[in-house]
Amino acid sequence: MGCMSGTSMDGVDAALVETDGKVITAFGPTAFQPYDDHQRQTLRSALGKWHDDPEVPKAARIVETVHREVIARLMLDDPAARLLGFHGQTFAHDPQGRGTHQAGDGQVLAQTLGLPVVWDFRSADVGLGGEGAPLAPFFHHACARFIGADAPLAFLNLGGVGNITWVDSGKQAPDAPGACLAFDTGPANAPMDDLMQARLGKSRDEGGALALSGSVHVPVIDTFLTHPYFHRIPPKSLDRNDFPDLSDGVARLSAPDALRTLAACAAAAVARGLEHCPTPPTRLLVSGGGRHNAALMTELRARLPMPVDDIDTTGLNGDMLEAQAFAYLAVRVARGMTTSSPSTTGVAAAVGGGTVSHPE
């Protein structure tokens, strides 16, 4: 079983995957547990904070509690889980500085659930000079083989931050040279969600309805694309709040125009990122909450030359892909296999990250 609480902080996804860490045999049941408004507010108060900050323990307990609830519920429905991949909640990410911080203690979950838990997936990668993100690419490679892809394609996850994996499924292993290239593209849902919360007291623009009624302000995009991040060669990664000037750029726009412009910025960042791919992908498969935003999907299709498809059209589950990824990665960690490589995180050599905690 794998779990994910992403930078959008809407709740916890949990999913079962049958795998040997190489091949995906089957996908199992899934579950979702939303954070309530108070929990979400507490988590937001810990954003940008590190392990030693007094705000963190309270937020970490929420992360552990909600994970425990959704995992226990899924285990009641299907008791097949033998191993749990627990990502935790990212509060801060500074791989070239203080490191990376995912709150939540896997040992606590191992003891309360009676399952071995793999957690702290990112620290080993960062310790060897990697970005520590994104970590789903090896799973994306397995997914490409699962759906029978016969040409290079790309997986785009649109959470709070966007990340992309270019995959050549003709390569037998995800850490083989030329098998994967991965990096964060730029802000995705986070600026739009923050604007909705600040202006309208809502957690998101449901379906992108308000953004669809707005207009794009091109000068904001032009300024946005001058950010130094877009000139860096991948692999590369971002923290949720690495583009604070973007919110300032849309501050004087109406809410619909600001949202549509932020959606266009997210799409423009993807288009700029695709320029780094070894060859143009034949297809872009979109997962994460952003694929439900019609304005964001419209902007992507307007700016990209290849088909842009909801990943659900392939039979994969775009809402659960990252939870499934950490189930897959947990098996790889438990079996001593690699979870990231120079072309996915910039780590010095292929490495298997993660700590395994057992019930006492």
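The structure is a predicted model, where local features need pLDDT of at least 70 and side-chain atom pairs count only at pLDDT 80 or more, while totals for chains, interfaces and linings use all residues. Numbering starts from 1 along each chain as its sequence is written, and side-chain values rest on heavy atoms, with hydrogens and water left out.

The protein holds 13 helices and twelve strands, taken as DSSP runs (helices H or I, at least four residues; strands E, at least two) and numbered from the N terminus. With a radius of gyration of 19 Å, close to the 21 Å that the globule rule gives for 360 residues, the protein is as compact as a globular protein of that length; the radius is taken over C-alpha atoms, and the rule is 2.2 Å times the number of residues to the power 0.38. The C-alpha trace spans about 55 × 45 × 40 Å along its principal axes.

As for burial, 56% of the 360 residues count as buried, that is, under 20% relative accessible area with a 1.4 Å probe, protein chains only. The accessible surface comes to about 14100 Å², and carbon and sulfur atoms make up 52% of it; areas come from the Shrake-Rupley method with a 1.4 Å probe.

Strand β2 (residues 11-19) has eight of its nine residues buried, so β2 is largely enclosed by the rest of the structure. On one side, β2 runs antiparallel to strand β1 (residues 2-5), joined by three bridges; here methionine 4 has aspartate 13 of β2 as its bridge partner. The β1-β2 hairpin has five residues between the strands, and methionine 9 takes a positive phi near 55 degrees.

Strand β3 (residues 24-34) is also antiparallel to β2, with eight bridges between them. Aspartate 13 turns up again in this pairing, standing opposite phenylalanine 32 in β3. Four residues lie between β2 and β3 in their hairpin, and glycine 21 in the turn has a positive phi of about 90 degrees.

Note on methods. Buried < 20%, exposed > 50% of the residue type's maximum accessible area, 1.4 Å probe, protein only. Pairing = 2+ DSSP bridges.
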